[in-house]
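Hello,

Here is the structure I promised to pass on to you. Have a look at it first, and then read my notes below.

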Amino acid sequence: MKTLYLRFVFITIAIILSSGIIAFFLSNIYYQMFLKPVNDEKITQFAKNIATFYEQNPETPIQDYLNNISHLGFQIYLVNKQQEEAFYGESFRNQNLTPQVIQSVLAGNTYHGVAQFPPGLFVTGFFDNELSNTIGVPLTIKGQPHALFVRPDVVKQFGEMRIFFAILVSLMVAISILLILLGTRYIVKPITTLTEATKKIASGNYGIQLNVQRSDEIGKLARHFSKMASSLARLEAMRQEFVSNVSHEIQSPLASIQGFSQTLQSDQQIPPETRQRYLKIIEQESKRISQVSKQLLTLASLDKEERALEKSTFNLAEQIKQAVFMLQWNWQEKDLAIELDLSEIQIHADQKLLHQVWTNLLTNSIKFTESGGTISVVVKPISKKEVQILFKDTGIGIPTEELSSIFDRFYKVDKARKREVSGSGLGLSISKKIIELHGGRIQVESELGRGTSFIIQLPITLL
Ligand code: ADP
């Protein structure tokens, strides 16, 4: 059975057939236990009535009388002591009555062949056309004891009904099979469509159309599937954008390195100070490439879900002071004022990663603040469990519509900015990732031309 369709059809037909067989067995048991005694009782009463009527009207010719009764739908066997026997109505398929039974009925007893008929597994007994499956009653004819055996002629009494039921059952089975064939197609079709869709996705085509209106499990599956396809499509777009950003960030400094080194090689007349400037650019551009690849490595390692933070307890104020000190040359060169208001707080966190965050935020503030500006850093506890760190500058600010994007990878507000000033656009996305790994939040507030604030909330003790 190769397809789900065939499997479904075969299983359903097997269920119908096996339930039919089980139902037959159960109804057979019901007949044996409850219906057989009632049936026996009914036929006994009938046989007794036949005998009583004759004995009250002995002038009736017995052959005519029994013939007439057989025409009403009964099979009759009459026998006397001398073994003179007569049959009325349809003949018995099996004439298996023992002489003891005949003797007993001749002696005046009633024979309950219907109730005593051995229960069979497949036949209810009701239909068994056997002489032993009869009711025997004594009957006196002209002073002679006779034994009268009677059973309903099932063919005569239920002939049409049997055909009716046979047609009913066959039609039921045939129509069920037909409907199963059609219905299964309806059930299996969405699965086939989903399989086609998976094939499309596997070949990189994410624009799939599925019927997501159904409210059943298949509908749910289709909805989840469509969602998965669109997030895969988004992921693929992001991946492509990421790759093109990475190549751009590496390609542009490489192009500039190549250009300047070629000029230096081909033109021997370049004055020493120009040569020095070109070499300086080559050095800066190679630093840039190194910086981008370092940042990409950091991002890749932060993206790994199972990345464990290397936690230790340290003084946060001290760490920020160190970062400010490290960048002293940069802010002093630009003549920037630094204001620090740092509460002494011990935190339990990844020291190396947090150091990267403070350096990145400070570098940005220094980069985007004009000479004479001010950068202030405030550290204060906001509850027993959380500390807030604020980096505020009086720099160029960020347009409101750009604020939601600045944490995206490779995002730079001013795309055309000179490369010496601009970074890779990865710093803030790395910082955000680090803060989130620590269970904290980072927000930005900015006013164009007036300055920018980054507000960070961080748990003091990392669980
Ligand atoms: P970059 O390496 O370019 O600085 P970041 O991810 O650190 O990358 O920052 C993304 C962009 O956000 C920057 O290019 C800049 O446009 C903007 N930005 C970040 N910090 C500031 C700030 N303090 N003042 C103004 N703009 C900022």
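Which atom of leucine 428 lies 2.7 Å from an oxygen atom of the ligand? A backbone N or O atom does, and this counts as a polar contact (a pair of N or O atoms within 3.5 Å). In another, a nitrogen atom of the ligand is 3.4 Å from a side-chain N or O atom of threonine 452. The protein covers 98% of the ligand's own accessible area of 530 Å² (Shrake-Rupley method, 1.4 Å probe).

Before going on, please note that this is a predicted model, where local features need pLDDT of at least 70 and side-chain atom pairs count only at pLDDT 80 or more, while totals for chains, interfaces and linings use all residues. Residues are numbered from 1 along each chain as its sequence is written, and side-chain values use heavy atoms, without hydrogens and water.

Around the ligand there are 21 residues, each with a heavy atom within 4 Å of it. Helix 10 gives the most to this shell, with 4 residues; helices here are DSSP runs (H or I, at least four residues), and strands are too (E, at least two).

Now turn to helix 3, residues 99-106, where Val101, Ile102, Val105 and Leu106 are buried (under 20% relative accessible area, 1.4 Å probe, protein chains only). They line one face of the helix, because they fall within an arc of 135 degrees seen down its axis (taken from the directions from the axis to the C-beta atoms). The face turned away carries Pro99 and Gln100, which are exposed (over 50%).

Best wishes

How values were computed
Polar contact = N/O pair within 3.5 Å; in protein donor to acceptor, adjacent residues only side chain to side chain.
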